[in-house]
Amino acid sequence: MIFRNIQSRSCRAWLTRVSLRQEPCFLFSSVPPQPVPPLTQTLQGYLRALEPLLPPEELSHTRRIVQEFGRPGGLGPQLQEGLERRARHTKNWITDQWVQWAYLASRQPLAVHSNPAISLPRRDFNDWRSQLVFASKLIAAVLDFKAKIHTGQLPVEYMRGKPLCMELYPLLFSSCRIPGPKHDSVAHYGNARRSPTHITVVRNYQFFQLEVYNSDGSRMTESQIRGQLLRIRSQSWKTDKEPMGILTSEHRHTWGEAYNRLLRDKLNQESVRMIETGLFSLCLDSPVMRISDEKYASRKAAQVLHGGGTFSNSGNRWFDKTLQFVVGEDGSWGLLYEQATAEGPPITNLLHHILEYCEKPDPKRAPLVPLPMPKKLYFHIDRDIKRDIELAKQNLDILINDLDVNVFNFKKFGKELPKKHNLSPNSFLQVALQLAYYRVHSEVCPACDIASQRMFRGGRTEYIRSPTNQALKFITAFDDPSVAREAKLQLFREAVEAYSQLTEQALKGHGTDRHLLGLKLQAIEEGLSIPKVFMDTAYGLATHWKLRTGQVPANTDSVMCFGPLVPDGYAVCYNPQADHVHFSVTAFNCCEETNAETLARTLKATLCDLQELLQPTV
């Protein structure tokens, strides 16, 4: 994994709400190293995961390949030994390889395919003055959060009584992904001798460098920031500017080539460096087109995710930037983040801090000192760059038009219902998702949920696979009128419990997927041919994630949104509150088999049916 300036080894949602304790931040000594799971356990877990997905003859074929791979003296134990050796000599045996493989080596556009967006409840304003008031408050809140990290005042997070690794937090600021021809890199500028003191503000496709610290090192007050944002507004009236940010939405190889062309010019080089080194970006968006209240939530989430298209706000994004805050003139707002450096729980912690800070009055009076004018960032656009921009605009609009986003608030019940019946809310929802998918497609599919691995040093995430055998039994029985309600209820409980056990296993560092990936990459590193177990069609099927899911247990009515992992799949994110659940469902229109609205509608009906199963009304 390539980093610039500093080196640090550190997807998407998480499964257990984390607690905070007031202890010094970045207490690494108490966080143990991530274990390498036993080989036999992983191979058995892999075969169990395949059982609901494969016909018996294919499963027998795969079982023979797996047994050959894992036999004593075989290739599996040799690669396992290599991983255990790596674990002894590195901070984390999989994180660097995972980030490189899953993110930096991926050539798909960051927009839609990779960067998650979080859309928050609309603020109570609908004019540009209030937009700037809130934006200045937001900037002050983020700077306050950064100061807590810098001074060690950010409480260490705990999950189930265990401290979590906090090393991602300092990397959120002044970091950016850099495109490359074969793989990207991540640049971190926060630990440079002179740390950056500016943010980037974008309005009407025009970028500005805004200093957010006074000459004495103190943070600017909200009123100072608001005054500077007014100046930026007065300098960005024109709407005929080239949307330079659109370039960052391209296929990574295409953007890498355009990036090199762009940086040949010294003016462009300086402007790009200012964007990349900035603490974070603020996107001041024009209003989201409002059709109906029902569709507004979906449009609002899509707006944060991709900007709404080249005729809307997509030119206000720099998708490579680790942190981008979006504030619309209509009160819509949210955050977009880049996953090679950032991930869900730290981002939610940051958002929670922002919301708390926004409830407080402006604590400081602005000092009576003149401030320098925010610096507008200019670009020299030659014929080649103009062509790159036009092509990027076309491709982004095609991608945006292809993505169907359906956001809804399920109000019949929330996480208290499963809890009342001694069921894990997350496991309950995962089984519900599999049942809803089965009702739409008459088959189950490979699905992945995300478990945090931050209870280990440098840990990131692990996949939890579904469906389980227990889930398949329940799903096939549920709509069968010949099966008694009591039998269905028992099968449901078994399916939920099976998923909870997989979750427990993943949270102990004994998941299947990262280990299998590690073994595959270890073979490549040792110069061996890729083992048969990874060339088997079953492995391709098992990692073709038709259902990409993630829980976002935030204290707010926020919803996360991202695109599917595969063309014929879905992405479903959910945020369970006590008496309701926020969902986002996405699918690609180009696939005739998938439909986000159909799955969303079926999911609502399925949740009502499961409520009836637990609490019959008759």
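Predicted model: local features only at pLDDT ≥ 70, side-chain atom pairs only at ≥ 80, totals over all residues.

Is Met-535 buried or exposed? The relative accessible area of Met-535 is 58%, and the cut-off for exposed is over 50%, so Met-535 counts as exposed.

In general, nonpolar side chains in soluble globular proteins tend to be buried together. Now to the inside of this model. The largest nonpolar core has 55 residues. Which of them touch the most other members? They are Leu-229, Phe-280, Leu-323, Phe-325 and Ile-354. Helix 5, residues 128–150, gives the most to this core, with 11 residues. Both domain 1 (108–123 + 176–343 + 367–404) and domain 2 (411–614) also give residues to the core, so the core lies between these two domains.

Take Phe-280 as one example. Leaving aside residues up to four places away in sequence, Phe-280 touches Ile-139, Val-142, Leu-143, Phe-173, Ile-199, Thr-200, Lys-321, Leu-323 and Phe-325.

Last, Gly-256, whose place is in helix 7, residues 252–262. Gly-256 is buried, with a relative accessible area of 4%. How far apart are Gly-256 and Pro-181? In sequence they are 75 residues apart, but from C-alpha to C-alpha the distance in space is 5.5 Å.

That is where I will stop.

Methods:
Residues numbered from 1 in each chain as written. Heavy atoms only, no water. Helix = DSSP H or I, 4+ residues; strand = E, 2+ residues; numbered from the N terminus. Buried < 20%, exposed > 50% of the residue type's maximum accessible area, 1.4 Å probe, protein only. Core = buried A, V, L, I, M, F, W, Y, C linked by side-chain atoms within 4.5 Å. Domains from an automatic or database assignment. Contact = heavy atoms within 4.5 Å.
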